[in-house]
Amino acid sequence: MIDLKLLREDPDAVRRSQLSRGEDPALVDKLLEADAARRAAISAADSLRAEQKAASKSVGAAAVEERPARLRRAKELAEQVKAAESDQAAAEAAFTAAHLAIPNVIVEGVPAGGEDDFAVLDVVGEPAVFVDPKDHLELGESLGLIDMQRGAKVSGSRFYFLTGRGALLQLGLLQLALRLAVENGFVPMIPPALVRPEVMAGTGFLGAHADEVYRVEADDLYLVGTSEVPLAGYHADEIVDLSGGPLRYAGWSSCFRREAGSYGKDTRGIIRVHQFDKVEGFVYCVPDEAQSEHQRLLGWQRQMLAQIEVPYRVIDVAAGDLGSSAARKFDCEAWVPTQGTYRELTSTSNCTTFQARRLSTRYRDSQGKPQTAATLNGTLGTTRWLVAILENHQQPDGSVRVPKALVPFVGAEILEPRA
C-alpha cells in the first residue's frame, strides 16, 4: 500500500504516477475521500464512546429520582455507539479497498507508458551472426537436454522434462547464482512453494494478475510464481534489525504460473511455461537505501549474465508495465538469435515500502521508533536462461559450447548431438 503521508501531503505526485502507469487518477481522490470519511467515523465513534462511558458512570452517582433518566440516556448512547461502530467498520472497509486499489508510486525517472515504452540503459556484447540457427528446443531435443513431448504426456501443455546434461546445466546455473549470492552476503534459503492468501496478497500478486496464480482451493493456499512471495512473508508482522545494514536472502524454489491469456505466445519450448526453477534475491533495507540497493541487485545480475557469456541489454521498464508493487524495475534481456530480438532473463524491482506496509514489516530508526521497511527483489538465475545459453553458444555442427563457468557442473565443454 502507498504511504498515506505522501498521499495527504502531495496527492499530485500520486496522480502523476497513476497517469504514467495508464491508471485512473480519480482513484487518488476516492482514497482521499475514504481517508477523510474513515477519520471522521473514528472520531465520531470515539466521542460517543467517551460520552456513553461518562453517562454510565453518572448513573450510580445520581440522586434516586434522577437515575431513570440518566439510565435511559446511557442506553440511548450505547445504541448510538453501536451504530457509530458499524459506520466506522464500513468506513474502514471502504478505505482499505480504496487504499489497495492504488499501485505503488513510481520513482522519479521511470519512463511513462506501456510495454513498448521502456528506455535502453546499456547494451553489452555483440550478437553473433548465425546461418540458419536452430532454436533452443530443436537444440535441446537433438542434444538430449529437453523433452517436451513426455512433459505434455505426463502433465499437459507447457510442461517439460530437463534430461541428462540439461538437468545438470540448470542445476549448475542455479548453484552458480547461489554461490554469487552467498559471496555477497545473501543468506541462502529454500522457502515453501505454498503460501497463505494474506502473504500472496501482501506482495501484490492477487490484484490485476490474480489469474496467473495457481490456487489449491481445498487448503486455501497458493503456489508461488517466485520465491519473492515467501521471502516477503518471512518477516511479516515483525520488527527487523537493519542496524547492521540490509538483510539479503537468496531463495531457490520451483515456481508455478498459469500463464493465463498467453496462448499462442511463446508456446514453443521453455520460454513461457507453467513450472520452472529460480534463484531470487530478496532484500529488506531502510527506505533511504532502496535506490542504491536496487543498483547493487542489477550489478549482481550483470555479473551472472557475464558468467553465461551472452549478449544482453538493460532496460528501464515503463510505468505501465511495472506491476502494482514495483516503483521501478530494470530488466536484463538476452539476445535470442532465432527470434532476432532481446528477451527478458532477469528483473529487479524496487518495491519501496509498498509490500512491507501490507505485511507489517518494520525496523527501528535511530530514535528507536518503528518505521516501515523497504523491499527489493531480483532474479539471479532461472530456467529460461537455458534458451539464451543454447541459442547463443550453438555451433555449425549442431553442438553447443558450454560457458566456461558452467563446465564444472555439466562435466563437458561441448554438448554433442545424440547419435
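Residues are numbered from 1 along each chain as its sequence is written. In this predicted model, local features need pLDDT of at least 70 and side-chain atom pairs count only at pLDDT 80 or more, while totals for chains, interfaces and linings use all residues; side-chain values use heavy atoms, with hydrogens and water left out.

**Exercise 1. Find the two domains, then work out where the second largest pocket lies between them.**

Step 1. Start with the chain: domain 1 covers 4–101 and domain 2 covers 119–415, with bounds from an automatic or database domain assignment. Their C-alpha centres lie 44 Å apart.

Step 2. Now look at the lining. Both domains give residues to the lining of the second largest pocket, so this pocket lies between them. A pocket here is an open set of points on a 1 Å grid over the protein atoms alone, where a 1.4 Å probe fits, with protein on both sides within 12 Å along at least five of seven lines; lining residues have an atom within 4 Å of a point.

Step 3. The pocket holds about 480 Å³ of space, a volume filled by probe spheres set on the points, which are joined across faces, edges and corners. Of its 24 lining residues, L6, V105, I106, V107 and T352 are the closest to the centre. Helix α2 gives the largest share, four residues.

**Exercise 2. Describe how α2 packs against α3.**

Step 1. Name the contact residues (heavy atoms within 4.5 Å). P11, V14, R15 and Q18 of α2 meet L27, V28, D29 and L32 of α3.

**Exercise 3. Which strands stand at the edges of the open sheet of three strands?**

Step 1. Read the order: β5-β7-β6, with antiparallel pairing. Strands are DSSP runs of E with at least two residues, and two strands pair if DSSP finds at least two bridges between them.

Step 2. Check the neighbours. β5 (194–195) and β6 (215–216) each pair on one side only, making them the edge strands.

Step 3. Zoom in on one pairing. β5 and β7 (221–223) share two bridges, and V195 stands opposite Y222 in β7.

Terms used:
Axes are lines fitted to C-alpha atoms, for helices over the stretch in contact, and angles run from 0 to 180 degrees between N-to-C directions.
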